[in-house]
Amino acid sequence: MRVMLDDGAILPQRAHPDDAGLDLFAREDQIILPGESAVFDTGVHVELPKGTFGKLESKSGLNVKYDIVSCGGTIDVGYTGSIKVKLYNLGKRPYLVRKGQKIVQMVIVPILTPEL
């Protein structure tokens, strides 16, 4: 899979070789206030394999420990722009996302595209 990175972006990576998800990282520090959301531009552009899509999923550690969740998202094979992530703070305290922190996982999923 081809990947292009904007300045300051980090190459997506699996924490372990057999992990389903590729971790995507924040390029900047940003505070998410309780009950609010923030958008993070990862600076990652991907050329997904034909017959797949990228599914954005919340990081379980952020969710369980800090009540930070992603709204998810679908990266279609034809999308080559920078992947953006929206995180919500469902907790009662502000949360500081730090530059270089893992913020979401992208799982590459095979799809069927039958004609209608």
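I am working on a predicted model, in which local features need pLDDT of at least 70 and side-chain atom pairs count only at pLDDT 80 or more, while totals for chains, interfaces and linings use all residues. Residues are numbered from 1 along each chain as its sequence is written, and side-chain values use heavy atoms, with hydrogens and water left out.

**Salt bridges**

I took a salt bridge to be a side-chain nitrogen of Lys or Arg within 4 Å of a carboxyl oxygen of Asp or Glu, and with that criterion the structure holds six.

I looked at lysine 59 and aspartate 23, whose side chains meet in a salt bridge at 2.7 Å, N to O. Lysine 59 sits in the loop between β6 (52-58) and α1 (60-66) and aspartate 23 in strand β2 (residues 21-25), so this pair ties together parts that are 36 residues apart in sequence. Are these two residues buried or exposed? I found lysine 59 buried, and aspartate 23 is buried as well.

Next I checked glutamate 47 and arginine 2, a salt bridge in which the closest N and O atoms are 3.5 Å apart. Because glutamate 47 belongs to strand β5 (residues 44-47) and arginine 2 to strand β1 (residues 2-5), the pair ties together parts that are 45 residues apart in sequence. Glutamate 47 counts as partly exposed at 42% relative accessibility, whereas arginine 2, at 60%, counts as exposed.

**Strand β6 and its partners**

I counted two strands as paired if DSSP finds at least two bridges between them. Strand β11 (residues 102-110) pairs with β6 in the antiparallel sense over seven bridges, and leucine 56 has methionine 106 in β11 as its bridge partner. β6 also pairs with strand β8 (residues 73-75), again antiparallel, over three bridges; there lysine 55 has threonine 74 as its bridge partner.

**Serine 82**

I then turned to serine 82, which is placed in the loop between β8 and β9 (84-89) and counts as buried at 7% relative accessibility. Its side chain is joined to that of aspartate 41 by a polar contact of 2.3 Å, a polar contact being a pair of N or O atoms within 3.5 Å where, within protein, one must be able to donate a hydrogen and the other to accept it, and residues adjacent in sequence count only if both atoms are side-chain atoms. The backbone nitrogen of glycine 43 lies 3.0 Å from a polar atom of the serine 82 side chain.

**Aspartate 67**

Last, I looked up aspartate 67, found in the loop between α1 and β7 (68-70), and noted a positive phi near 60° in this residue other than glycine. Most residues other than glycine have a negative phi.

Note on methods
Helix = DSSP H or I, 4+ residues; strand = E, 2+ residues; numbered from the N terminus. Buried < 20%, exposed > 50% of the residue type's maximum accessible area, 1.4 Å probe, protein only.
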